[in-house]
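Here are a few numbered points to read alongside the structure. Please keep it open as you go through them.

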Amino acid sequence: MKVLLIGYGKMGRTIEQILLDRGHTIAGIVDQSTKDKITDFTAEHVDVAIEFTQPTAAYENITTALKQGLRVVSGTTGWLDRRAEVEALASEGEAAFFYASNFSLGVNIFFALNKKLAAMMNPHPQYTVSMEEIHHTEKLDEPSGTAITLAEGVIEEMNNIKGWYLSGGEGKKGEYVPIKALREPEVPGTHSITYESEMDSIEIKHTAHTRKSFALGAVVAAEWLNGKRGVYGMQDMLEL
Ligand SMILES: NC(=O)C1=CN([C@@H]2O[C@H](COP(=O)(O)OP(=O)(O)OC[C@H]3O[C@@H](n4cnc5c(N)ncnc54)[C@H](O)[C@@H]3O)[C@@H](O)[C@H]2O)C=CC1
Ligand SMILES: O=C(O)C1=N[C@H](C(=O)O)C[C@H](O)C1
C-alpha cells in the first residue's frame with residue numbers, strides 16, 4: 001500500500017515505522033516544514049492518506065485530500081464540530097473517510113465496556129458519574145477526544161445525563177459528566193470513569209503504555225479502508 005503521511009510529528013513518525021515494518025511504502029510526507037503539498041497527490045500515487053496533525057489544521061487537510069479523491073484515515077482530535085461537513089463530502093465522491101478519536105484496540109474495547117457499565121448504572125441515580133483523562137504536556141486540546149467519546153457513550157445510555165463539561169467550568173452536578181483533564185510529562189493517554197455513591201465507588205480505567213497502540217490501529221484501519229468508498233469508524237472495522 002502507498003501511503004501519504006499528513007502530519008509528521010509524534011504520531012506521523014510512529015505510523016511511518018509501523019508502515020515500513022508491514023511492507024508498505026511512503027508516497028509522501030506533508031508537514032509544515034516539508035515541500036510536499038496534499039494537492040501534489042491523487043489516487044494514482046496514493047492508496048490511503050493518514051492524517052494526524054492538530055485541531056486547527058485537520059479540517060482543511062482532510063477536505064483537501066478528499067477533494068483530491070484520496071481515501072483518508074484521520075485521528076486528529078479537537079476539530080469535530082465540522083465532522084458532518086467532512087462526512088458529507090466523503091460520501092459524495094470517489095473518496096473514503098475513516099475517523100477514530102482513538103485507534104487503540106484496548107480503548108475500543110474500553111468504549112464498549114463503558115457503555116455496558118453506563119447501561120447498568122442507569123437505574124441507580126444514587127451514583128454520580130465523573131471522568132478523568134491524563135496526557136503529555138504537549139497536547140493542544142482538552143478534554144481529549146477519547147474522553148469526549150466516553151462521555152457520549154454515557155449520555156447515550158443514561159437517561160438523566162444531558163451532556164459533559166470540562167471540570168472547573170460550569171455544569172449541573174449529576175446531570176452533566178465532569179471531565180477533569182490533567183497534563184503530565186510523557187503520558188501517552190490514561191482515561192478513567194468513576195461512579196460514586198455514599199456507600200461505595202466503581203471505577204474503570206484504561207492506561208496506554210505507548211502511542212504505538214494508536215499508530216498500529218491507524219495503519220490497520222488504512223489497510224482495511226484501501227479499496228473502499230464511504231464513511232467508516234472503528235465499529236465498522238472491529239464489529240465490537
Ligand atoms: N485518534 C488517535 O488514536 C490519536 C489521536 N491523536 C491526535 O493526533 C493529533 C496529532 O498528535 P501528535 O502526532 O502527538 O502531535 P504532534 O504535535 O507531535 O504532531 C503534529 C504534527 O502536525 C504538523 N502540522 C501542523 N499543522 C499542519 C498542517 N497544516 N499540515 C501538515 N502538518 C501540520 C505539526 O508540524 C506536527 O509535526 C492530535 O490531535 C492528537 O490528539 C494522537 C494520538 C492518538
Ligand atoms: O494527543 C494525544 O496524545 C492523544 N490524543 C487522543 C485523544 O485526544 O483522545 C488519543 C490518545 O488519548 C492520545
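1. The active-site annotation comes from UniProt, from an unreviewed entry. The record marks H135 and K139. Keep in mind that the model is predicted.

2. Start with H135. This residue lies in strand 6, which runs over residues 128–135. Is H135 buried or exposed? H135 has 23 C-beta neighbours inside 10 Å, so it counts as buried; the cut-off for that is 20 or more.

3. What does H135 touch beyond its sequence neighbours? With residues within four places in sequence left aside, H135 is in contact with S144, R183, V187 and G189.

4. Now K139. This residue is found in a loop, between strand 6 and helix 5 (145–157). K139 counts as partly exposed because it has 16 C-beta neighbours inside 10 Å. That class sits between the limits of 12 or fewer for exposed and 20 or more for buried.

5. Next, the domains. Domain 1 is made of two stretches, 2–103 and 212–238. Domain 2 covers 105–207. Their centres, taken over C-alpha atoms, are separated by 27 Å.

6. How many residues of each domain are in contact with the other? Ten residues of domain 1 are in contact with eleven of domain 2. On the domain 1 side, helix 6 (212–225) and helix 7 (234–238) are the elements that give two or more residues.

7. Last, the make-up of that side of domain 1. Seven of its residues that touch domain 2 are polar and three are nonpolar. No charged residues are found there.

Notes: Residues are numbered from 1 along each chain as its sequence is written. Chains are lettered from A and ligands numbered from 1 in the order in which they are written. This is a predicted model: local features need pLDDT of at least 70, side-chain atom pairs count only at pLDDT 80 or more; totals for chains, interfaces and linings use all residues. UniProt positions are given in the numbering used here, feature names are shortened, and annotations may be inferred rather than shown by experiment. Helices (H or I, at least four residues) and strands (E, at least two) are DSSP runs, numbered from the N terminus. Two residues are in contact if their C-beta atoms, placed from the backbone, lie within 7 Å. Domain bounds come from an automatic or database domain assignment. Ala, Val, Leu, Ile, Met, Phe, Trp, Tyr, Cys and Pro count as nonpolar, Asp, Glu, Lys and Arg as charged, and the others, Gly among them, as polar.
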